[in-house]
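Biologist: I've got a new model open and would like to talk it through with you. Shall we start with the overall make-up and then go into the details?

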Amino acid sequence: MPVKGMHTWSKRNWTDRSFVDIWIMKKKLIIIGPAWPLRGGGLATFNERLALEYIRQGFDTTIYTFSLQYPNFLFPGSSQYTDEPAPESIPIKVRINSINPFNWWKVGRELKALAPDYIVVRYWIPFMGPCFGTILRIVKTNKFTRIICIADNIIPHEKRPGDKLFTQYFIQPVHGFITMSKQVQQDLQQFTNKPSQLVPHPLYDNFGPAIPKDVARGKLKLPANDQIILFFGFIRKYKGLDLLLEAINDERIRKAGIKLLVAGEFYENREPYDQLIERLQIAPQLLLHTGFIPNHEVAYYVSAADFIIQPYRDATQSGVTPLAYHFEKPMLVTNVGGLPDLVPDGKVGVVVEPNAAAIAAGILQLYELGENYFLPHLRNEKQRYSWTRLTETITTLVP
């Protein structure tokens, strides 16, 4: 068996890597998970930013993404693919078909032969368990590559038959785990005692700098002087948009003239939301931008808001939280899952119970304290969420 870090000489043909790479013993790392040409969203954006960090550190880094992530009838959005250009400087191989076992064997053998030092695989839904579990079992037979999972969820928000079996199948070939919330860490312990480490979700700093609020609102054609809060991201039941709509109906919120900007695509039937809006008669208080938000527009939406609202019914961690940190936007989160761990109450935002009355009171509290009250705490707290901390933990987790 080759010595770790020296396998360039003993396991690879000279044509696989450049002479310079061989000479400096460049570590090879593969990330498995969503990336371009799939739409950005949290997973793809995260994986591409993680790849950039490893490339910056000198790793020979490639992302293996999906040729087919979901069959169309299982995909809740309008399209799985982006119109945006490929990210610069990131090698991406479109290889994995999530429902084709012959493809899993092919990709597994390809990665086994490459013998990377590390494979970093994202796990967010049990549906991917059979695909990833099979690929990784094949890779593991090279007795060299270290397989690290970044687990976004172990127990899914929306449960289906077979979840536990698929997750157990996936976990078996993995050497170690990174979790980004205490909730996921606890869920993982129900399945395995393999090495694991909790690392907070790093900041999404790849959307550019903050934009002056008046400029952002002008770009989005939003009222220049109104009080505007933001719900951002894909719309699914567990994210509690209906609770927020009920909170907007609170007489105190109406009287204050606060408006809600909803920016994100429906990933479920929107009809119940439309019926709720009509029943509550809150349409004049809403700014609905319910299509897919491309990466180049994210900074405008976050910069245009006074506060970011996460009214989740259930959560592990949220990619919206590090986004708010990056743009230094105070936030409201509900007291579920790992959200309160990332948002110190009364410092970078407020933590409330997941019901409409508490959410309404929390929104009013944000405005009473004001944006400037939270800024020093946000700027101090955001220093904890670095990509370097994550990458170093991944590559030192398993000897």
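Biologist: How many helices and strands does the secondary structure of the protein come to?

Modeller: Bear in mind that this is a predicted model, where local features need pLDDT of at least 70, side-chain atom pairs count only at pLDDT 80 or more, and totals for chains, interfaces and linings use all residues. Residues are numbered from 1 along each chain as its sequence is written, and side-chain values use heavy atoms, with hydrogens and water left out. Helices (H or I, at least four residues) and strands (E, at least two) are DSSP runs, numbered from the N terminus. On that basis the protein comes to 17 helices and 13 strands.

Biologist: What percentage of the residues count as buried?

Modeller: Buried means under 20% relative accessible area, exposed over 50%, and partly exposed in between, with a 1.4 Å probe and protein chains only. Of the 399 residues of the protein, the buried part is 57%.

Biologist: Which strands stand at the edges of the seven-stranded sheet?

Modeller: Two strands pair if DSSP finds at least two bridges between them. The sheet is open and parallel, in the order β3-β2-β1-β4-β5-β6-β7, and its twist averages 25° from one strand to the next. Each edge strand has a single partner, so one side of each is left without a neighbour in the sheet. The edge strands are β3 (92-97) and β7 (196-198).

Biologist: Which residue in β6 stands opposite Ile150?

Modeller: Strand β5 (residues 146-151) and strand β6 (residues 176-179) run parallel and are joined by four bridges. Across from Ile150 we find Ile178.

Biologist: What angle does helix α17 make with β6?

Modeller: Angles run from 0 to 180 degrees between N-to-C directions, and axes are lines fitted to C-alpha atoms, for helices over the stretch in contact. Helix α6 (residues 163-171) lies across β4 (118-123), β5 and β6, at about 170° to β4. Helix α17 (residues 387-396) packs on the sheet too, touching β1 (28-32), β4, β5, β6 and β7. Its direction and that of β6 make about 165°.

Biologist: Which residue in β13 stands opposite Met331?

Modeller: Strand β12 (residues 331-334) is joined to strand β11 (residues 307-310) by three bridges, in parallel. Met331 and Val333 point one way from β12, Leu332 and Thr334 the other, and all are buried. β12 also pairs in the parallel sense with strand β13 (residues 349-352), over four bridges. There, the residue opposite Met331 is Gly349.

Biologist: How many residues in the contact of α9 with α15 are charged?

Modeller: Helix α9 (residues 241-248) and helix α15 (residues 356-369) pack at about 65°, with their axes 8 Å apart. The contact is made by Leu243, Leu244, Glu246 and Ala247 of α9 and Ala356, Ile359, Ala360 and Ile363 of α15. Ala, Val, Leu, Ile, Met, Phe, Trp, Tyr, Cys and Pro count as nonpolar, Asp, Glu, Lys and Arg as charged, and the others, Gly among them, as polar. That makes seven nonpolar, no polar and, for charged, one.

Key: Contact = heavy atoms within 4.5 Å.
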